[in-house]
Each structure stands twice: as C-alpha cells, then as structure tokens.
Amino acid sequence: MNVFDIVGPVMIGPSSSHTAGAARIGKAARLLLGEEPLEAEILFHGSFAKTYRGHGTDKAVIGGILGFDPWDPRIRDSINLAEEAGINIVISTGTIEDAHPNTVQIRLTGKSKKNVSLQGASVGGGNIQITSINDMLVHFSGQYPTLIVLHHDHPGVIAHVTALVSGCQANIANFRLNRQEKGGLAIMTIEMDQSMDAKAAESILSIPHVVDVVLLKLN
C-alpha cells in the first residue's frame with residue numbers, strides 16, 4: 001500500500017471511484033487510440049450506470065478521452081469541450097457479465113478510422129484495472145508504465161520483445177499474455193518498473209508478426 005492508496009488521488013469531482021478512476025480509464029482508451037477521436041461509445045455498468053450523472057462519471061470519462069488527467073479542472077466542462085471538438089459521444093447503460101460494479105466499456109473511432117475498445121473498472125482510491133482491450137482479456141492497473149503489444153501467436157515474438165525491453169534497462173514487474181487461439185491474434189501486457197524510451201517501444205513494430213504497440217503511461 002502506498003500513500004496514494006491511503007489519502008486518495010488529487011482530482012476533480014466528489015468521488016475517487018466515480019471520477020478519478022473513471023478519468024484514468026478514459027485516458028487509457030485515448031492513449032490506446034493514439035490519435036484524435038471522432039466518435040466515442042461509452043457503456044456504464046452497475047454502480048456507474050446508476051449514478052454516473054450525479055457523480056460526474058460521464059464528465060470524467062469524457063475528460064479522460066480528451067486526454068485530461070483526473071485533477072484537470074477542464075473535466076467539469078468536458079462534455080461541452082468534446083462537442084466543440086466535433087466528437088460524437090453516445091452514452092448508454094447496461095449489464096456486463098461478471099464485471100466489477102464500477103465498470104465502463106469504451107469504444108473509440110479516430111480521425112484515421114482506427115478503432116479501439118477497452119473495458120476497465122474503477123476499484124477505489126482512483127485505482128483502476130483494465131480488463132479487456134479490443135475484446136481480448138487483459139489485466140493491468142496502469143500504475144506502472146505498460147507496454148501493450150498486439151501480435152500474431154508465433155514462436156519467438158515474446159523473446160524478441162522482452163529482450164528489447166531488457167536492453168532498455170527496463171525491469172519487468174508483471175507480464176501477461178492472452179491469445180484468441182493457437183497461432184491467432186495475441187496480446188501481451190508488460191508492466192515495467194521504469195519506462196522505456198518511446199522510440200525503442202516503436203521499434204518493436206519491426207519485429208516479425210507484431211501488429212501494434214502502445215506504451216501506456218497514466219501516472
């Protein structure tokens with residue numbers, strides 16, 4: 001447990017779970033997209049679905065999608081700012097099986113027509129757990145610099161990626177791999193104690209069978 005867990009985050013809004021955590025999930029989606037969004041579909045589940053208007057969870061998620069940190073005062077006006085930026089926002093509520101009560105699904109479309117989807121839960125004190133990217137299971141907190149690598153499931157890809165991370169003197173704190181099927185699409189998430197250079201992360205794209213790479217830094 002760290003000081004952040006005890007005293008809570010610096011943030012805009014009444015609730016660390018419903019605003020600070022929600023903003024961090026929204027920002028994670030924006031970073032995954034990697035470009036200006038044109039459309040955002042937001043689905044709230046559980047407690048989020050019941051109270052998002054009163055707690056400003058919609059403003060927080062949209063603020064994150066705009067790239068704002070949880071303490072950015074622009075979050076208060078994020079809905080209007082998104083409209084001014086020409087972003088079409090659709091908000092709905094629903095039930096997600098086996099999901100944490102404070103869960104949101106976000107689907108973004110960017111200016112290049114790139115699409116990403118993300119599911120995350122706000123688990124208290126501004127902390128989050130990302131549980132799905134592009135409908136593939138993942139599990140990471142965003143508390144560490146996180147390398148996200150989408151690739152085809154071929155021998156040697158993991159070894160190449162982790163060797164490059166090691167060569168950047170970035171220590172791996174957590175590693176997870178999920179795949180659709182043997183030989184199909186797979187996604188690895190590598191949480192690191194120290195961030196690696198952005199250009200080094202981009203160089204992973206040159207590894208055979210790698211489809212996309214994102215270096216996610218929320219803190």
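Which residues of the largest nonpolar core touch the most other members?

1. They are Ile106, Leu108, Ile130 and Ile133, in a core that counts 38 residues. A nonpolar core is here a set of buried Ala, Val, Leu, Ile, Met, Phe, Trp, Tyr and Cys residues joined through side-chain atoms within 4.5 Å, where buried means under 20% relative accessible area, exposed over 50%, and partly exposed in between (1.4 Å probe, protein chains only). Helix 2 (residues 16–33) gives the most to this core, with seven residues.

2. On provenance, this is a predicted model, in which local features need pLDDT of at least 70 and side-chain atom pairs count only at pLDDT 80 or more, while totals for chains, interfaces and linings use all residues. Residues are numbered from 1 along each chain as its sequence is written, and side-chain values use heavy atoms, with hydrogens and water left out.

3. Returning to Ile106, and not counting residues up to four places away in sequence, its contacts (heavy atoms within 4.5 Å) include Ile25, Ala29, Val61, Ile65 and Leu118, as well as Glu41. A second, separate core has 17 residues, among them Val165, Ala170, Met192 and Ile204.

4. As for the overall fold, the protein has seven helices and 10 strands, which are DSSP runs (helices H or I, at least four residues; strands E, at least two) numbered from the N terminus. The radius of gyration is 17 Å, which agrees with the value near 17 Å that a compact globule of 219 residues would have; this radius is taken over C-alpha atoms, and the globule rule is 2.2 Å times the number of residues to the power 0.38. Buried residues make up 47% of the 219 residues, and among contacts between residues at least 6 apart in sequence, 67% join residues at least 24 apart.

5. Strand 8 is joined to strand 9 (residues 185–192) by seven bridges, and Arg179 has Ala186 as its bridge partner in strand 9.

6. Asp153 counts as buried at 16% relative accessibility, whereas Arg179 is partly exposed at 46%.

7. The structure holds seven salt bridges, each defined as a side-chain nitrogen of Lys or Arg within 4 Å of a carboxyl oxygen of Asp or Glu. In another of them, Asp212 pairs with Lys114 at 3.6 Å between the closest N and O atoms, and here the partners, Asp212 in strand 10 (residues 210–216) and Lys114 in the loop between strand 3 (102–110) and strand 4 (115–124), are 98 residues apart.

Conventions
Pairing = 2+ DSSP bridges.
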